[in-house]
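Please open the structure in a viewer and keep the sequence beside it.

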Amino acid sequence: VSGKASALPAINAAWGVSACAHGSGLSQANGGSSCGSAPLTEPLLSGRRSVHVLDFDTITECLCRLKQTVDELDLSSVAVLTSRQGKEILLLYQKQLFTEVYSFEYYTSEDQLTCQRCSLAHTDSPGDRVNKEVTTFLQQLPALKGDVTTLTSTLIPDCFGHGFSTRAGGVCSIPTLSSLNLFSSSKRRDGRAVVEENRRRLAVHAGFHPQPLHMVKVNHASDVWVMGKAEPDSYDAIVTNQAGVVLAAPGADCMPILFADPVLKVIGAAHAGWKGTLMGVAMATVGAMVREFGCQVSDIIVAVGPSVGACCFTLGRERAPDFACIHPDCVLDPHSARPHVNIRLANRILLQKGGILPEHIHDDTVADRPCVTPCTSCHPEAFFSHVRDGLNFGTQVGFLWIK
């Protein structure tokens, strides 16, 4: 790009980037330049003590490296100097690689582009070109924290595919989201494209296609979506009898719970935090399987995934009595300022009261099967945890499908 320095406004953003819309050569620091854009960026770079030039083959890699540095410095404000055409293209990259955590301010030059690469003809649309470039770049990145690994319950028969993800094998480098974060949020720093690549890698490992993955739209309550009916805006459980459709429930201390009826081939997936537990989301899922598909409660198998244990989870004293009413053993120290609460035990008791056979529940109380319910907070090397990591936490999932 080219531009006139005198036309530039004062820029107060924490980071500034001048970008060529169709090539490499982004510059990184408190300012930037590319494609012979010195007149445009001179005021921005003037007086800067450190300028790092990002010169890679694609804009995707340049922006990913920029984002990595911004994240390491815990910054979120970005100023972009470009042409009008460049802004249109960069907005497409921004949608893929960044979230609403980041604030972008665009300053455009009225001058004509001088970079020859910017004038090259393209037969495909800008959106398709950006999507292809981003996808290709992310797919070739090495896995972080080891290979993708999952936990599986020996209680769920082989007519179903299922598992519980861990944090290994993904492409995110942000410490609390590294590396296989599987949920993108406007409040977190992992962009949509990174999460989609992580989901693809999980699907390849587990043996399903990532496109039919239906993730619970959490609202911390007990609403259940029966697939095939109108989909609500939010819900904490899904049930279906459709083969090949992958259901997934997120968790990062909250429990991903999988339900399977091997007799009628019906499945369910639920997200159960402390609020959902008290509202009965687990038995609401069982109830939907019985009501909509004719399942017998005694046939339903339940596997509870990685979640926060009573060792690490506390609630205010005003909420602890709600769990003590389910069973006194659900509250370890009821007289402390913040009692330790066992939300896993509460769900087991509620399921058993609802007719699920005790031997049909695989959770942390089961000693004769490989563990699928470790404490997420106690194992930072393997799992994400909101309790441990704070607001910018990652998410693992429990997933299940009928083969």
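How many helices and strands are there in the chain? The chain holds 10 helices and 16 strands; helices (H or I, at least four residues) and strands (E, at least two) are DSSP runs, numbered from the N terminus. This is a predicted model, in which local features need pLDDT of at least 70 and side-chain atom pairs count only at pLDDT 80 or more, while totals for chains, interfaces and linings use all residues. Residues are numbered from 1 along each chain as its sequence is written, and side-chain values use heavy atoms, with hydrogens and water left out.

**The whole chain**

Begin by displaying the entire chain. Of its 403 residues, 52% are buried; buried means under 20% relative accessible area, exposed over 50%, and partly exposed in between (1.4 Å probe, protein chains only). Among the contacts in the chain with a separation of 6 or more, 67% join residues 24 or more positions apart, a contact being heavy atoms within 4.5 Å.

**Helix α3**

Next, select residues 84–97, which form helix α3. This helix has 14 residues and spans 20 Å from its first C-alpha to its last, close to the 20 Å expected at 1.5 Å a residue. The expected span is 1.5 Å times one less than the number of residues in the helix.

Which residues of α3 are buried? They are Gly86, Ile89, Leu90, Tyr93, Gln94, Gln96 and Leu97. An α-helix has 3.6 residues a turn, so residues three or four places apart point the same way.

Keep α3 on display together with α4. Their axes come within 10 Å and cross at roughly 45°; axes are lines fitted to C-alpha atoms, for helices over the stretch in contact, and angles run from 0 to 180 degrees between N-to-C directions. The helices α3 and α4 are therefore oblique to each other, given that angles under 35 degrees count as roughly parallel, over 145 as roughly antiparallel, 65 to 115 as roughly perpendicular and the rest as oblique. The crossing of α3 and α4 is right-handed: a crossing is right-handed if the near helix is turned clockwise from the far one by less than a right angle, and left-handed if anticlockwise. On the α3 side, the contact is made by Ile89, Leu92, Tyr93, Gln96 and Leu97; on the α4 side, the residues include Pro126, Gly127 and Val130.

The axes of α2 and α3 come within 11 Å and cross at roughly 55°, which makes α2 oblique to α3. The crossing of α2 and α3 is again right-handed. Here Ile59, Thr60, Leu63, Cys64 and Lys67 of α2 meet Leu90, Tyr93 and Leu97 of α3.

**Tyrosine 93**

Select tyrosine 93, which has its place in helix α3. Is this residue buried or exposed? Tyrosine 93 counts as buried, because its relative accessibility is 3%. Leaving aside neighbours within four places in sequence, tyrosine 93 is in contact with Ile59, Thr60, Leu63, Phe98, Val130, Glu133 and Val134. The C-alpha atoms of tyrosine 93 and glycine 127 are separated by 9.0 Å, although the two residues are 34 residues apart along the chain.

**The cysteines**

How many disulfides does the structure hold? It holds zero disulfides, a disulfide being a pair of cysteine sulfur atoms within 2.5 Å. Select cysteine 62, whose nearest cysteine sulfur, that of cysteine 64, is 9.5 Å away. Cysteine 62 is buried, with a relative accessible area of 0%. Then move to cysteine 311: its sulfur is 3.6 Å from that of cysteine 312, too far for a bond. Cysteine 311 counts as partly exposed, at 47% relative accessibility.

**Stops in the loops**

Select aspartate 74, in the loop between α2 and β4. Aspartate 74 has a positive phi of about 55° although it is not a glycine, and it counts as exposed at 60% relative accessibility. Aspartate 253, in the loop between β11 (246–251) and β12 (255–261), has a positive phi of about 105°. Aspartate 253 is buried, with a relative accessible area of 5%.

Finish at serine 179, in the loop between β7 (160–165) and α5. The peptide bond from serine 178 to serine 179 is cis, with omega near 0°.
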